Amino acid sequence: MDSIRHWMLGPQGSAYANDVDVLYMFLVWLSVFFFALIVFLTVYLAWKYRRRKEGVLTPNIAHNLTLELLWSIVPLIIVMGIFFWGFNDYVRASVAPNDAIEIHVTGKKWLWAFEYADGTRTIGNLHVPVNRPVKLILTSEDVLHDFYIPSMRQKTDVIPGRFVDLTFTPTVPGRHQVFCAEYCGKSHSDMMANLFVDSPEVYEKWLLEGDPELQTMAPVEVGKLVYENKGCNSCHSIDGSKNTGPSFKGLYGRLEKFTDGSTVTVDDNYIAESINNPQARIVAGYEPVMPTFQGLLRIPEMRGIIAYIKELK
Amino acid sequence: MADIITSPHISGHADHHDVDYLHDGKGLKSWLTTVDHKRIGIMYLWAILFMFFLGGVFAMMIRLELLTPKQTIMSAETYNKVFTLHGAIMVFLFIIPSVPAALANFVLPLMLGAKDVAFPKLNLFSWYIYMVGALIAITAMVTGGVDTGWTFYTPYSTTTDGSVALMTFAVFVLGFSSILTGVNFVATIHKLRAPGMGWFDMPLFCWGIYATALIQVLATPVLAITLLLLLMERTFGIGIFDPKLGGDPVLFQHFFWFYSHPAVYIMILPGMAIISEIIPTFSQKTIFGYRAIAFSSVAIALVSFIVWGHHMFTSGQSQLASAIFSFITFFVAVPSAIKTFNWIVTMYKGSVAFNAPMLYALSFLLLFGIGGLTGIFLGAVSVDIHLHDTYFVVAHFHYVMMGSTVIAFLGGLHYWWPKMFGRMYSESAARVACALVFIGFNATFLPQFVLGSRGMPRRYYNYLPEFQFLHQASTVGSWILGLGFLIMAGYLFASLRKKMDAPANPWHSRTLEWQTSSPPITHNFHEVPSVGGGPYDYYRPMGQGRND
């Protein structure tokens with residue numbers, strides 16, 4: 001039984017996920033029962049009363065009150081029960097406890113940015129401590145997005161001009177997948193994030209120091225991680241193909257031409273400017289769509305991405 | 001009333017009274033200026049079948065692209081346009097007009113014993129509006145395309161490039177075609193029933209079409225208003241939905257689903273209506289629970305207006321609103337269950353033949369069963385929060401839209417094909433095609449339930465490698481489905497090249513459209529049919545009235 005549940009619904013990340021799954025599996029078995037009933041009656045009646053002789057008259061059986069009441073009232077009672085069950089779980093999961101950690105989330109084409117109460121800001125990686133309720137407060141900078149954590153069985157649309165919230169209490173440490181579930185354009189399917197459920201000690205340490213890998217990794221490796229996790233890859237290719245933004249391949253040292261006619265030879269400072277103030281100069285042939293990353297990269301991360309771009313010849 | 005509304009075309013050709021409608025007038029002009037409901041129905045049929053082909057090609061492209069987790073045959077931008085066009089074409093240009101405008105246009109007046117619909121010229125006008133809407137939509141596709149999804153959600157739809165304005169205008173125009181067809185059918189059913197035919201002597205098909213027409217007339221104007229507002233925002237920058245202009249994007253969703261949820265029933269009720277004809281005919285048996293089925297259609301139509309919020313459980317609407325919408329949504333389950341059991345029990349002590357139309361009807365019972373039962377998952381709020389905008393929803397609505405409505409449409413097409421064209425198709429080829437469509441459909445969409453419950457979001461161009469196996473199963477299923485449709489096109493076209501060979505009543509049905517020749521004469525019946533009994537009186541010999 002449990003393996004069927006796991007195959008159908010994937011890993012669970014919270015106690016609430018299990019509640020949803022119990023109702024889901026109840027509905028699966030209920031459906032299997034009624035579907036089997038439909039198949040059995042259809043096949044049985046169609047075969048038992050198959051035509052053996054042409055032109056026969058059949059009895060006039062127009063209705064049967066008992067039977068009709070039975071198949072009206074029984075489904076009604078069942079679905080009313082399901083309504084209360086589903087709604088009850090939903091309401092319980094919608095209310096954040098008072099001690100919930102509040103984290104602000106911003107969706108924009110095509111990345112997720114997170115901001116903690118102590119000022120820590122990250123992109124693409126959301127860290128939370130295990131067994132503590134979390135309340136995400138979400139908004140969008142452009143179009144509709146939807147923050148979806150399948151393992152928590154939770155999602156909410158993220159709406160420009162409005163704050164919505166999403167609550168969950170993670171109980172399973174490790175990495176959990178986050179998707180954007182509301183269509184938002186070209187890189188909608190790449191607008192993912194990682195939810196890391198940490199032990200309290202690891203979480204506190206992370207808040208202070210950032211990702212532990214950054215301390216020991218080579219700058220190029222850090223840069224590659226930044227490229228993949230902070231959403232650079234939504235718009236900048238590393239194989240020379242044109243995307244929403246210029247490719248990183250062969251970018252360093254190249255002569256870039258801007259929309260106003262000026263040029264620059266790409267160096268460390270130009271890359272830093274493009275990350276912190278992307279609207280300052282726009283490369284000819286591209287739209288001014290890149291959001292600013294001011295304050296979102298720690299110094300090792302900035303060094304890393306520059307080193308990474310340098311490597312891509 | 002029936003005397004007054006004879007088309008000028010018919011009265012002007014008194015000497016052609018015995019010519020069948022296909023041969024009453026030659027050449028393109030005689031078709032383009034016809035006011036004969038049968039010819040208009042056929043013109044709709046070819047138009048929607050072309051659109052079904054186009055939407056089907058886009059569907060095959062989607063499935064092919066999803067064969068691998070990254071790029072397979074097209075770029076992300078192209079993919080987004082392809083799934084948008086697939087949805088928009090299938091919903092607005094194929095399914096909504098499929099049964100009402102094409103099949104019902106042909107058979108509804110015949111079933112009622114009438115000479116034509118109440119407003120024949122308006123009927124032709126509806127067809128022209130449809131064609132204009134279709135042309136605008138095709139123009140939008142070739143001049144930039146549309147990448148908003150068929151739902152046109154704001155503010156994406158008001159800010160993205162492409163021919164969004166043109167496409168929404170096309171849908172706006174198509175809406176009027178739908179409204180006028182609805183008005184025409186309501187008037188026809190009220191006023192043109194043959195003498196002696198009370199409301200409860202009508203075939204259930206007419207009840208289904210009546211309920212559909214009510215929704216078309218009442219709900220479609222809301223879509224028109226919504227699209228007009230969208231156009232104003234996009235073209236003139238008037239802030240209605242875009243928060244940057246002071247609007248509210250969720251308002252658009254309320255407006256959109258206020259039409260589009262009832263539209264789901266514009267799509268399914270006519271499918272149910274066809275099943276209510278096929279099952280009694282091929283079982284040679286009185287339909288079980290006539291009034292229950294008739295009232296269920298009307299009940300579904302009414303409830304359909306107050307459940308739109310169940311598309312919006314994750315939209316940030318209030319929890320109270322979600323509770324109310326979830327509660328009302330579950331009431332749809334009851335009339336659906338009533339109908340399903342009524343259809344099944346109709347076969348009890350019948351004389352069941354397994355011709356192609358009946359095979360489609362039996363497929364419908366199973367597929368609608370799955371479509372309906374998976375709807376219960378989505379009605380339960382907590383489960384819906386997890387499943388919303390995943391492949392589970394995609395699979396669910398394909399079971400209802402395609403597995404039920406399109407399967408019923410195909411059943412109806414095979415059922416009335418001899419009446420429409422006077423020719424029988426190859427029964428064995430039809431059975432093979434039906435089996436392939438049934439198998440291919442399930443192979444395509446069953447895996448998508450599991451994809452969705454495992455968390456695979458819809459409208460994804462790239463996907464995680466863990467989902468690849470189920471996606472590939474689905475894609476292979478789509479090839480089986482496509483093969484079934486190819487065979488179907490083959491034998492249907494082949495039948496048209498034969499001499500006319502269909503008897504007036506090949507299925508020994510009791511409804512009125514079978515009491516005239518195949519194909520029918522232009523004014524349908526030689527004399528006004530007299531109605532002495534019900535449409536499903538299979539308990540007494542053919543031709544004998546209740547009072548005989």
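Strands pair if DSSP finds at least two bridges between them, and the strands and helices here are DSSP runs numbered from the N terminus (E, at least two residues, for strands; H or I, at least four, for helices). You're looking at a predicted model, where local features need pLDDT of at least 70 and side-chain atom pairs count only at pLDDT 80 or more, while totals for chains, interfaces and linings use all residues. Residues are numbered from 1 along each chain as its sequence is written, and chains are lettered from A and ligands numbered from 1 in the order in which they are written.

- S1(A) and S2(A) make a hairpin with two residues between them, and His104(A) sits opposite Glu115(A) of S2(A).
- S2(A) covers residues 111-115, and four of its five residues are buried (20 or more other C-beta atoms within 10 Å of a residue's own; 12 or fewer means exposed, in between means partly exposed, with C-beta atoms placed from the backbone).
- Five residues lie between S2(A) and S3(A) in their hairpin, and Gly119(A) in the turn has a positive phi of about 95°.

**The five-stranded sheet of chain A**

- What is the order of the five strands in the open sheet of chain A? It goes S4-S10-S9-S6-S7, with mixed pairing.
- Strand S4 (125-129) and S7 of chain A are the edges, so to speak: each pairs on one side only, by the pairing rule.
- Neighbouring strands of this sheet are turned by 20° against each other on average, direction ignored.
- Strand S9 (residues 174-180) and strand S10 (residues 193-198) of chain A are antiparallel partners over five bridges, and Val178(A) has Ala193(A) in S10(A) as its bridge partner.
- Helix H4 (residues 200-209) of chain A packs on the sheet, touching S4 and S10 of chain A, and its direction makes about 135° with that of S4(A). For such angles, axes are lines fitted to C-alpha atoms (for helices over the stretch in contact), and values run from 0 to 180 degrees between N-to-C directions.

**Where the chains touch**

- 70 residues of chain A are in contact with 71 residues of chain B (contact: C-beta atoms, placed from the backbone, within 7 Å).
- On chain A's side, H3(A) gives the largest share, 17 residues.
- That side of chain A divides into 42 nonpolar, 16 polar and twelve charged residues. Here Ala, Val, Leu, Ile, Met, Phe, Trp, Tyr, Cys and Pro count as nonpolar, Asp, Glu, Lys and Arg as charged, and the others, Gly among them, as polar.

**Chain B as a whole**

- Chain B has 17 helices and zero strands, and 61% of its 548 residues count as buried.

**How confident is the predictor?**

- The mean pLDDT of chain B is 92, and 96% of its residues reach 70 or more (pLDDT is the predictor's confidence in each residue, from 0 to 100).
- Residues 1-15 of chain B have pLDDT below 50.
- The model scores ipTM 0.92 and pTM 0.89.

Key. Two residues are in contact if their C-beta atoms, placed from the backbone, lie within 7 Å.
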